[in-house]
Amino acid sequence: MTGALVSLAFRVRSRRETLRGLAMPTLAGLLSLVFFVPGLTWGLPTGDVNRYLFGDRTPWTGEELVALAGGLDADAAADVDRSDDAGVFLNDTDAERAEIIIRYRLYSQQPDEMLTLRAIASMAERRSPDPQFYTYGGLWMYPVGGLIGVASVLGFVERGGLAFYLDQPSEFAKLYIVMRLYAVLWGVVASVAAAVLVRRITRSNVLGLVGGLVVAALPVVVVAAHEAKPHLPGAALALVAVCVADGYVRRGRCRQLLLAGFFCGAAAGMVPTMLVALVLLPTAWLIRRSRGLTARGSDLAIASSLAAGVFVATNPFLLLNLPDLASNAGNTASHYQLSVHPSTVGSAWNLFGVATGRLAGFAGAATLLGGALLVKGPTGRSLRLLAVPAAVVLVGFAVTSYGRPMDHARFAILPAMLCAIAAVVSLRLVVRTLSQDAHSFSTTLAAALLVLATAAFGAKELEGFRRNAAGKDDRVRVVMTLNQLDGGVLRLPADPAPYAVPPFDLWTWQATLDSEPDADVDLRRRVDRRLSWADPRLSVLERKRSNEKPSD
């Protein structure tokens with residue numbers, strides 16, 4: 001009887017400790033919404049664009065646009081090279097104008113978001129579960145399609161054809177909101193996972209909360225949570241895998257390594273670039289092996305097989321369409337050329353600094369580099385586990401960074417998270433070196449300063465989304481400038497689209513491409529330190545009124 005009571009008391013105590021341990025991670029997840037939700041409606045298509053595109057003319061209906069253009073143009077993606085079309089007028093005919101208008105009525109100001117919707121629409125039209133687009137994984141595509149279906153049943157989204165959405169761009173905008181909310185959900189998961197991991201390493205509830213908040217406040221995470229793309233969800237799943245793998249390093253339970261394999265496969269199933277997460281499995285296994293602890297090779301083999309199985313199960317058509325996969329890979333590779341020279345290091349350093357707000361990123365990187373080699377005990381083993389995937393991703397990120405725009409930083413999202421976690425861990429390491437008081441005021445103060453410093457950079461990105469959602473971004477100034485001119489030839493660096501240039505009167509202005517890097521174009525996105533497309537700094541050539549008028 002006494003033994004039963006003692007056992008019951010320990011169970012109650014264990015459950016209380018578990019609930020207490022979940023309190024701070026849960027709070028971190030809730031507070032992360034402060035960084036993710038404001039400005040979520042930025043850059044969405046709207047019918048207001050008609051007054052800029054048509055001027056005083058009566059806007060064309062959706063049916064008229066479909067009849068003229070024949071549907072969505074196949075080459076409207078952001079990364080399509082149109083340099084061979086330099087000097088060619090883009091809006092000479094009504095059909096060409098219709099293609100441009102369709103982009104402005106349906107595309108958001110993030111050039112890649114439409115890729116998901118086009119793939120989902122293609123599956124529906126073909127009545128096939130094959131998306132025929134493999135840059136994003138099935139764990140992104142299929143849940144997004146399911147969420148859109150649920151939103152339709154609930155009445156939030158109204159389903160219709162292309163002509164319907166062209167007449168009602170605001171209804172199409174709701175599809176973007178559904179996708180972005182899916183990304184936000186995974187942002188919360190990333191914040192909770194970071195809080196759990198930091199709390200386990202530091203044994204501090206306060207630092208656990210700080211870890212979750214610092215990860216949520218990273219500029220690259222703030223941007224990714226506002227975009228309907230799978231990079232944040234994939235990184236969140238990889239971070240969960242890190243948590244589970246860290247548990248395996250500490251306790252050596254086979255099921256923990258298997259669960260880590262499951263989440264690694266899920267991360268790759270969300271976005272194939274997260275296949276790098278698989279390095280966690282041999283890393284965790286080798287860390288235990290180096291200590292002479294139980295680490296069976298069969299466990300590693302099963303975990304790796306499970307990861308591969310999850311990836312294939314969530315992307316069943318990928319291996320069945322290797323020619324298409326090779327084509328997608330070739331198109332992607334053409335935009336991310338490998339380069340190894342001093343300028344490459346400088347570009348990667350700059351991009352990673354902007355992605356992390358510098359302090360959290362560089363302090364965390366230094367902690368991973370030094371701590372993984374010098375720190376002993378469980379903390380050192382955890383830092384080594386974090387350091388390996390961070391290093392692998394950063395090397396790949398660095399060699400593809402030269403000449404890339406700021407939004408290339410999205411590929412550093414996982415090492416950014418891992419470095420932010422390491423930066424919080426370093427606070428405990430430094431304070432323990434200087435003081436025996438593990439819960440000293442210095443720790444709390446340093447943690448608060450780290451959160452504020454990171455949040456200051458994340459807030460700049462967040463403010464860009466807020467300004468855009470409120471209609472106060474730089475595009476408004478550009479449109480007003482164009483309206484004050486009499487028209488003529490408008491030289492552009494890219495196809496007219498909401499993510500490339502602000503809307504302009506398609507009958508008053510005659511658009512042409514001039515894609516040379518130093519070309520004296522009329523509209524250009526100036527180089528700035530923003531990661532997102534929400535509030536770009538645009539330059540407008542202030543020129544005299546042109547006597548060259550396009551014909552109607």
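**Cysteines, rings and one asparagine**

Hi everyone, let's start with the cysteines: searching the whole structure turns up zero disulfides. Please keep in mind that this is a predicted model. For anyone who wants the reminder, a disulfide is a covalent bond joining the sulfur atoms of two cysteines.

Are Cys 243 and Cys 419 buried or exposed? Cys 243 has a relative accessibility of 8%, so it counts as buried, because the cut-off for buried is under 20%. Cys 419 is at 1%, so that residue counts as buried too.

Now over to the aromatic rings. The whole structure holds 14 aromatic pairs. Which residues do ring pairs link into a cluster? They are Phe 164, Tyr 165, Phe 172 and Tyr 176.

If you find Phe 156, you'll see the charged end of Lys 174 over its ring, 5.7 Å from the centre. Then turn to Tyr 248, where Arg 288 lies over the face, and the distance to the ring centre is 5.7 Å.

Last stop, Asn 50. This residue belongs to helix α2, which covers residues 50-54. Its relative accessibility is 17%, so Asn 50 counts as buried, since buried means under 20%. And what does Asn 50 touch, once we set aside neighbours within four places in sequence? Its contacts are Gly 55, Pro 59 and Arg 105.

Notes
Residues numbered from 1 in each chain as written. Predicted model: local features only at pLDDT ≥ 70, side-chain atom pairs only at ≥ 80, totals over all residues. Heavy atoms only, no water. Disulfide = S-S within 2.5 Å. Buried < 20%, exposed > 50% of the residue type's maximum accessible area, 1.4 Å probe, protein only. Helix = DSSP H or I, 4+ residues; strand = E, 2+ residues; numbered from the N terminus. Contact = heavy atoms within 4.5 Å. Phe/Tyr/Trp six-rings, centres within 6.5 Å; stacked < 30°, edge-to-face > 60°. Lys NZ or Arg CZ within 6 Å of the ring centre and 35° of its normal.
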